[in-house]
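Reader: Before I use this model, I would like to know what stands behind the terms used to describe it. Could we go through them one at a time?

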Number of protein chains: 2
Amino acid sequence: MAKDQKKQPRPKAETPKGFRDYFGADVTERKHMLDRIAEVYHRHGFDPLETSAVETVEALGKFLPDVDRPNAGVFAWQEEAVPGGGTGDWLALRYDLTAPLARVAAQFRNDLPSPYRRYAMGPVWRNEKPGPGRFRQFYQCDADTVGSASVAADAEVCAMLADALEAVGIARGDYIVRINNRKVLNGVLEAAQVREDQADDVLRTIDKFDKVGRDGVLALLTKGRKDDSGAFIDGVGLDEAQAAPVLAFLTSKGSDNAATLKNLRAAVGEAVIGREGVDELAQIADMLAAMGVGADRAVIDPSIVRGLGYYTGPVFEAELTFEILDEKGRKRQFGSVAGGGRYDGLVERFTGQKVPATGVSIGVDRLLAALRAKGLAGQTEQGPVVVTVMDRDRMADYQAMAAELRAAGIRAEIYLGNPKNFGNQLKYADKRGAPVAIIQGGDEADRGMVQVKDLVLGAKIAAEASHDEWKAQPAQTEVPRAELVAEVKRILG
Amino acid sequence: MAKDQKKQPRPKAETPKGFRDYFGADVTERKHMLDRIAEVYHRHGFDPLETSAVETVEALGKFLPDVDRPNAGVFAWQEEAVPGGGTGDWLALRYDLTAPLARVAAQFRNDLPSPYRRYAMGPVWRNEKPGPGRFRQFYQCDADTVGSASVAADAEVCAMLADALEAVGIARGDYIVRINNRKVLNGVLEAAQVREDQADDVLRTIDKFDKVGRDGVLALLTKGRKDDSGAFIDGVGLDEAQAAPVLAFLTSKGSDNAATLKNLRAAVGEAVIGREGVDELAQIADMLAAMGVGADRAVIDPSIVRGLGYYTGPVFEAELTFEILDEKGRKRQFGSVAGGGRYDGLVERFTGQKVPATGVSIGVDRLLAALRAKGLAGQTEQGPVVVTVMDRDRMADYQAMAAELRAAGIRAEIYLGNPKNFGNQLKYADKRGAPVAIIQGGDEADRGMVQVKDLVLGAKIAAEASHDEWKAQPAQTEVPRAELVAEVKRILG
């Protein structure tokens, strides 16, 4: 029997494809960042919400199961059929934090405060082809206000986003929250007399403004143009007079919000929805100023078009403006780390009633990468003090030392491996990033003494010192056992 | 088209069966508790590890897929087949935090420090029939040391568990960590000359000691007994001489560790494995004393038999000893909130090499329930100061007030609903648990004043005061706008 079992092939010890494990500082640095963000959200009156990872596919909505198995984007499975109860429900892992919010806002609409401000932080899952740096489980960090049609809610989210970025360490001047409004764009389309069947093409063209510039967009809106490869891209077919408001919209950013708003008013002309949109932006600008959020932190910027297709009112994006070196060593701006806006139909799917909502989502991995690039996270966390074991019969003595250090607030551990080879113990201390090693052999114990080894200084001496300096062993001190904690404290500073 | 869409049935807004959502204080209280525990684990040199929620069914091991769909305990699904690559892997949500640790310890064995101390906190999923208070997603909080055969690792985990319980607020005297050893039991079975085919039955009988007592166990080990219903339960078939060491083991708890160890030595007689087990317990007792963990916090207790079948060496369990009222109003001890022990074969499944490990798992929901029962959590968290809206054209003014309060560290929000009905705003403030409401109409604004309403005092007056006292409105004060923050601070104390 035992022999047969041994013949079974061993399972592979592998993280599933597209998933990853987070070790040590990976976990603590992200946690530290999210804790700072949560404090800001909480101070703004947002309450935490933690929904289950699992939802019914029906509630998630976006991805309905195909005939046999749903696999379009989500990880899904079918519940066992209940005896006599027909087929089982399809369940799936959430793919974002907004769909569960919609479900909760509908399910608990009689119990939740209205408007309902909530924040949520946690993993989401996407059943996508994994790629380099692209994982099938990743963190999201969202804050949304459900049930308020007031742009005060949008202004608040923008101000809160700026506060959150500063709370995690991004300096004022190193980020900017850019704000635009889908209604202004709708007004522009109206002013330009764009036909309904042309609207999508115009949106797609606007999205290319960054890449092809003003003249490129003009060509693409009208008669088309050759791209870099020489291929001809058909134009949308507007005439130049129609293209003018669109171009005016895209290039309306002025030297300050007042100038931008003036340009936008000109771009939307008489279009009612457009004027409403500009008025909203003007209100948001006033509110931000009242909240002490100046133009160095948040600004009206009509060039922000990302997401305009999805949102229904104000949209916003937080960009980090400092430069980093890309993988080819070229300087480039770090770019977007958060985005959001106003959306409808969130709860309507469930209840039939329109519930206005607005919110923001911070890209957790990108923001953490930014903090690391700026040296604001990712410093090697100091390891524990390692109490080495010279005499395995005196483990209790070594444990007493570690316990004393911990009681003084110092991270400390004893070496738990085979103590025979002392070199291995020092290698272990090195791997642990230990700043200090404690050593006490029988001889020191008899004399009531203990050796305290400053590993940071020791490494420095090993790298820099002459042979004589090294022999003097200034990094290792013998102190009375009763002074152990004081000596370690002295070394740790 | 639009009409057709409207005819589609609306999705149900429901948490999937057996899952739940956590709101506000549910989230923050658990987080606060886990943060305190993480600090203790960290100070002991344990590093955080966060594995993905998803594992291959092969790596999870315990639950292999049956022919069509695996459903024995886990939520599992099959990956899409890769074109030309055969069938897709079966993936599943982790059912505990130990199986992923085994996978990680094997996968990263060349990179991790050895021994490897890690802690993990997070949800796990069980595909079980949900019941009252029994959910299919719940939190676990584990700390394990992988790669150390030394009982110093077990002693450390026990001391750390005691520290963790105190860190979350359980007072010394309100808990006890009980420690036993599987090897002692093995020695007892050897001393009793129990045949291999009888061992399981003896273990099962030992597990009934709590219920049936000494005489009941004696009967069940020998000739059997009638249970309460009058049904006859067959005995294991030992003779009384054989049963004696087992009973000695179960009743060996003395007035202190020394007495207990002496009794255990007698119970195991000449059995080598049993003596080794008693020696280990003696060492653990010495180490705990050296770490300052006295008998009021951790104690050798042979009556802890839960888990003895699963573990291979020392086992431990933390019990809360204070009394609570159960659902029927009867006093009872709160009971177990954590358990653990030493286990083998963790990594062996993957690598073929034995890797000794020991660890503890805290029952997150149970410990949180205990804190609530003791009034150490679950106090209603104070809500935000609510700035009401008397004049919707002056939203920026109200936002400025909220921003000022927040800058002073006070949680504050403006009312974002329809401001027309002021009563609704006060109802909202009540639902939010707001301690203070800020009110400023046009009249106050013209005079540079603001009304500050102490809602806590107001509620007290409404409940207790006479009509005249109530009319005097002592809970509402008008202060100059510039003194808003100072006045709110005064009220909040």
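Author: Let us begin with the largest nonpolar core of this predicted model, which has 132 residues, and in which Ile37(A), Tyr41(A), Val177(A), Ile179(A), Leu367(A) and Ile438(B) have the most contacts inside the core. The largest share of this core, 12 residues, is supplied by helix α5 of chain A, residues 151–167.

Reader: What makes this set of residues a nonpolar core?

Author: The term asks for buried residues of nonpolar kinds, Ile, Tyr, Val and Leu among them, that are joined through side-chain atoms within 4.5 Å. A second core, of 111 residues, is separate, and includes Val385(A), Ile284(B), Ile362(B) and Leu371(B).

Reader: Which residues does Ile438(B) touch?

Author: Leaving aside residues up to four places away in sequence, Ile438(B) touches Val385(B), Val386(B), Val387(B), Thr388(B), Met401(B), Leu405(B), Val450(B), Gln451(B), Val452(B), Leu484(B) and Val488(B).

Reader: Why are the two copies said to be related as by a two-fold rotation axis?

Author: Chain B can be laid on chain A by a turn of 180° with a shift of 0.0 Å along the axis, and the RMSD is then 0.2 Å. The two copies are thus related as by a two-fold rotation axis. Of the residues of chain B, Trp77(B) comes closest to that axis, its C-alpha lying at 2.9 Å.

Reader: How do you know that the copies meet through the same surface?

Author: Of the interface residues of chain B, 100% are also interface residues in chain A, so the copies meet through the same surface.

Notes. Residues are numbered from 1 along each chain as its sequence is written. Chains are lettered from A and ligands numbered from 1 in the order in which they are written. This is a predicted model: local features need pLDDT of at least 70, side-chain atom pairs count only at pLDDT 80 or more; totals for chains, interfaces and linings use all residues. Side-chain values use heavy atoms; hydrogens and water are left out. Buried means under 20% relative accessible area, exposed over 50%, partly exposed in between (1.4 Å probe, protein chains only). Helices (H or I, at least four residues) and strands (E, at least two) are DSSP runs, numbered from the N terminus. Contact means heavy atoms within 4.5 Å. Copies are superposed by least squares on the C-alpha atoms of residues with pLDDT of at least 70 in both.
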